[in-house]
Amino acid sequence: MIASTRKVWLRNPRHARTRAAIAAGLVALAASACAPGSAAPPAASPAQPGASAVRTDAAALGNVTLTIWDQEVRGGQDAQMKQLNAAFEAKYPNIRLKRLSRSFDDLNTTLRLALSGNEPPDVVQANNGRPQMGAFVKAGHLRPLDAYADAYGWKKRYPRSVLQYVSYSADGKVFGEGNLYGLPQAGEVVGILYNTAKLTKLGLRPPETWEEFQAALAKAKAAGEVPIQLGNLDKWPGIHVFGTVQGRHVPADQITKLAFGRKGASWNTPENTRAAGQLVDWVDKGYFNKGFNGQGYDPAWQAFSKGEGVFLIGGTWLIADLEKAMGKDLGFILPPGTTEAAAPVATGGTGLPFAITAKSPNPDAAAAYLDFIADADAMKVLTANGLLPIADTDRQSVKAGAQQDMFTAFGTATKQDGLVPYLDYATPTFADTLGAAVQDLLAEKSTPQEFLATLEKDYQAFAESNE
């Protein structure tokens, strides 16, 4: 289980974060009967100060040391963190930052214990989903940030489609609504990557509607090309493909409700049936490469980078590597709507948000730090280090090409509240359930109705128990 999680992490940071958090959560629950967890009754939510009681003049807070745990260990991530931390300390010499940076896996395995201790860090990065942030909120380990959000204007700066990923009810049961418990720096969105040279050769332009996209798939197939390159051996890539198709058939608010695992929604709907049916139709028409369910994710995008495939449904985390290999032949768009004027709907989310622990004796200083590493100047620092900032994406200066396409797509999706959550957020076990179900659907081992029945069983079992 752990080895599998690690394998996936190397290929997809976002999805693996969910899987690793699930594993870490299960281990912690099994090993510690006294540590608060999802089985424990909700702890009292830390009291929130009013916005007027928040002290935003960090220079006037006296001498403070903030202990910060992050997982920004890789090249550009680490570089932007060092740059921003140095700038913060230079601006506020009264506040010393004590940074502990660990790999994502190491952070996951130690954070729960640290938060339940008497002297937790002041600021931590906590995965958005139910196994981690939801459990921490339920246990009373994180401080609600609404008063700080009001004081600093975070709710005006961040669209609702972003803030939902860091919002929980005070008891941790409702994900996507309630109090604010974190502030992210980076963003992610799943869209459609395309080979511009192949489109030109086929006499096509980047599709602006879902109908144009399907017509392009048919023309590519007729011309002997692989319409969509897919590697679904690890199961989760198929979730992104299904989510993209689902967004053309199912209203965004229904997808959001399902993805957040809320009671009252259902997978057994005509809209979801049409989405599943369209995916099977693509299989029947030969729109995917041969053996896609047995091909790994890395070989798939690497094959696409070498000219095998006209389209690839994937996330912004692929763009840096693909652009390096394909240069000007790489393009990226949001999944087109049913009409050119349709509102954008795309699977997406945030990088790990930064949260303030409930026991931090320096919440005002910690909030000032969060504001500093996510303000407009910080977004420029992220861009300069090759990252996708969560805000102000349309204000960044990047070279024309796929990277600029990525910024445009994410800016459009976030400004128009077009991001819908990753479907595997729904329940603690949904990543495995959905991944296996999509693989069976694509292999035509199950019908759309059987596929949806599998999802419904997992979903309803959790929703009913999450009273």
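Reader: What is Trp-282 in contact with, leaving aside its neighbours within four places in sequence?
Author: Trp-282 is in contact with Trp-210, Phe-213, Gln-214, Leu-217, Ile-228, Val-241, Val-245, Tyr-287, Phe-288 and Ile-313. Contact means heavy atoms within 4.5 Å.

Reader: And what are these values based on?
Author: This is a predicted model, where local features need pLDDT of at least 70, side-chain atom pairs count only at pLDDT 80 or more, and totals for chains, interfaces and linings use all residues. Residues are numbered from 1 along each chain as its sequence is written, and side-chain values use heavy atoms, with hydrogens and water left out.

Reader: Which residues touch the most other members of the largest nonpolar core?
Author: Trp-282, Phe-288, Phe-311, Tyr-369 and Phe-451 do, in a core of 135 residues. Helix 16 (residues 363–373) gives the most to this core, with eight residues. A nonpolar core is a set of buried Ala, Val, Leu, Ile, Met, Phe, Trp, Tyr and Cys residues joined through side-chain atoms within 4.5 Å. Buried means under 20% relative accessible area, exposed over 50%, and partly exposed in between (1.4 Å probe, protein chains only).

Reader: How much of the protein is buried?
Author: Buried residues make up 59% of the 467 residues.

Reader: How many helices and strands are there?
Author: There are 20 helices and eleven strands. Both are DSSP runs numbered from the N terminus: helices are H or I with at least four residues, strands are E with at least two.

Reader: Take helix 20. Which of its residues are buried?
Author: Pro-448, Phe-451, Leu-452, Leu-455, Glu-456, Asp-458, Tyr-459, Phe-462 and Ala-463. The buried residues of helix 20 pack against helix 5 (130–138), helix 11 (236–249), helix 12 (252–259), helix 13 (270–284) and helix 19 (430–442).

Reader: What about the span of helix 20?
Author: Helix 20 covers residues 448–465, which is 18 residues. At 1.5 Å a residue, helix 20 should span 26 Å, and its end C-alpha atoms are 26 Å apart, so the two agree. The expected span is 1.5 Å times one less than the number of residues.

Reader: New topic. How many cavities of 30 Å³ or more are there?
Author: A search of the whole structure finds four. The largest cavity holds about 70 Å³ of space. A cavity is a set of points, on a 1 Å grid over the protein atoms alone, where a 1.4 Å probe fits but cannot get out; lining residues have an atom within 4 Å of a point. Grid points are joined across faces, edges and corners, and a volume is the space filled by probe spheres set on the points.

Reader: What lines the largest cavity?
Author: The lining includes Gln-229, Trp-236, His-240, Tyr-297 and Ile-313. Helix 11 gives the most, with four residues. By class, the lining has eight nonpolar, four polar and no charged residues. Here Ala, Val, Leu, Ile, Met, Phe, Trp, Tyr, Cys and Pro count as nonpolar, Asp, Glu, Lys and Arg as charged, and the others, Gly among them, as polar.

Reader: Where is Tyr-425?
Author: Tyr-425 lies in the loop between strand 11 (419–420) and helix 19. Tyr-425 is buried, because its relative accessible area is 6%. Tyr-425 and Arg-130 are 295 residues apart in sequence, yet 7.1 Å apart in space, C-alpha to C-alpha.

Reader: And Asp-417: what is its phi?
Author: Phi of Asp-417 is near 50°, a positive value in a residue other than glycine. Asp-417 counts as partly exposed, because its relative accessibility is 42%.

Notes: 1 Å grid on protein atoms, 1.4 Å probe; cavity = no way out; pocket = protein on both sides within 12 Å on 5 of 7 lines; lining within 4 Å.
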